[in-house]
Amino acid sequence: MHRIGIVVGVVSLVLAVSAPFAASAAPAPVAGPPGTAAEAAAAVRQAAPQRPLIAVSHRGAAGHAPENTLAGLDAARRLGARTVEIDVQRTKDGALVLLHDAGLARTTDVEEVFPNRSSRLVADYTLAEVRRLDAGSWFSSAFRGERVPTLGQALDRLETLGLNLFLEIKEPARHPGIEEDVARELRGRPAWLREGPASEPRRLVVQSFDWEVVRSSKRVLPSVPHGLLGRVPEDRLAEFTWAQMINPNHTTVDAAYIDLLHEHGYETMPYTLNTRAAMDTVLRSGADGFITDYPDAGLRAIRDFLARKSYGADTPEQVAAVPSIVPLVPVPLRH
């Protein structure tokens, strides 16, 4: 089945992909934590609720600003994103910081600031040391002085910007118990634990390539939707009834696999799509959205996809005949 079942007009198309998130709705029901009766009873699940298609802005807005920085979050909002993805790791003294790689060398000036240190792993540096690093100049001189933020700083900025979050736990084998640290941070900000209505994008999803860590995180955050990164084999889909999403590499899936995920009750947001051809293919395959470094391009792809659906345009000739759509209106930053 295809995930888009409604026909929308031009005005509603613009609103659907650019309206800010409404964060004040009551929480939606969710399955109980793994190992409970709720899990055992979920062998046959209802289809996932139909939500708006979204382009999840990867690592902040990695195509436009240094990844996993506050500047990246600002850029995502400025470009119209509704949801961002960020990565979290842990410092030597237990602070949660935004970083994709296990090491600091690619995205900071750690080699200049600490030339005599043998390790470049974030796990070998204290938060005070990490805060001395420039995390923006590698991307562009315009971002010189941008710092590696803590998870708490990022959550505060996301709330200010009105953005939703896909939170990826990185390198959990290097950071035993990090899922519990993440849970404590989120519990200190209860607004992140309240799921919005099914008509809106999900407020928060915790995900990882380490599926056991995802399961452990679900135990400590039972009300929060969780996702598995990577392609789950077809014969194992019934094992993860406690998860709400399966988000594979877009090169590993097709329409048949996406249909199968939906039949098992999972939503799916493949990663990381940075060409229009890939975006169009995944949307036609029935995905619920996708993850991209370029949220502005992703929004255009979704807008055009919905326009083609509303006009019943399937062939290249029909697509070419679809009237021009009003450009997306930039969404101003909240202050």
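**A friendly note on the packing in this model**

1. Let's start with the rings: six aromatic pairs are found here. A pair is counted when ring centres of Phe, Tyr or Trp (its six-membered ring) lie within 6.5 Å, and planes under 30 degrees apart are stacked, over 60 edge-to-face and the rest tilted. Phe139 and Phe143 have centres 5.8 Å apart and planes at 75°, so they are edge-to-face. Ring pairs also join Trp138, Phe139 and Phe143 into a cluster.

2. A word on what you are looking at: this is a predicted model, where local features need pLDDT of at least 70 and side-chain atom pairs count only at pLDDT 80 or more, while totals for chains, interfaces and linings use all residues. Residues are numbered from 1 along each chain as its sequence is written, and side-chain values use heavy atoms, with hydrogens and water left out.

3. Trp211 and Phe240 make an edge-to-face pair, 5.5 Å centre to centre with 75° between the planes. This pair links distant parts of the chain, 29 residues apart: Trp211 is in helix H8 (residues 211–220), and Phe240 is in the loop between strand S6 (226–229) and strand S7 (245–247). Helices (H or I, at least four residues) and strands (E, at least two) are DSSP runs numbered from the N terminus. Phe139, by contrast, is partly exposed, at 28%. (Buried means under 20% relative accessible area, exposed over 50%, partly exposed in between, with a 1.4 Å probe and protein chains only.)

4. Two charged side chains are worth a look beside the rings. The charged end of Arg203 sits over the ring of Trp192, 3.8 Å from its centre. Arg117 lies over the face of Phe114, at 5.3 Å from the ring centre. The rule asks for NZ of Lys or CZ of Arg within 6 Å of the ring centre and within 35 degrees of the ring normal.

5. Leaving out residues up to four places away in sequence, Leu151 touches Ile86, Val88, Leu96, Val97, Leu98, Leu167 and Glu185 (contact means heavy atoms within 4.5 Å).

6. Which residues of H7 are buried? They are Ile178, Glu179, Asp181, Val182, Ala183 and Leu186. Their cover includes S2, S3, H6, S4, S5 and H8.

7. Finally, two backbone details to check. Most residues other than glycine have a negative phi. Arg59 has a positive phi of about 55° although it is not a glycine; Arg59 lies in the loop between strand S1 (54–57) and H3 and counts as buried at 15% relative accessibility. Glu171 also has a positive phi, near 50°. Glu171 is placed in the loop between S4 and H7 and is partly exposed, at 31%.
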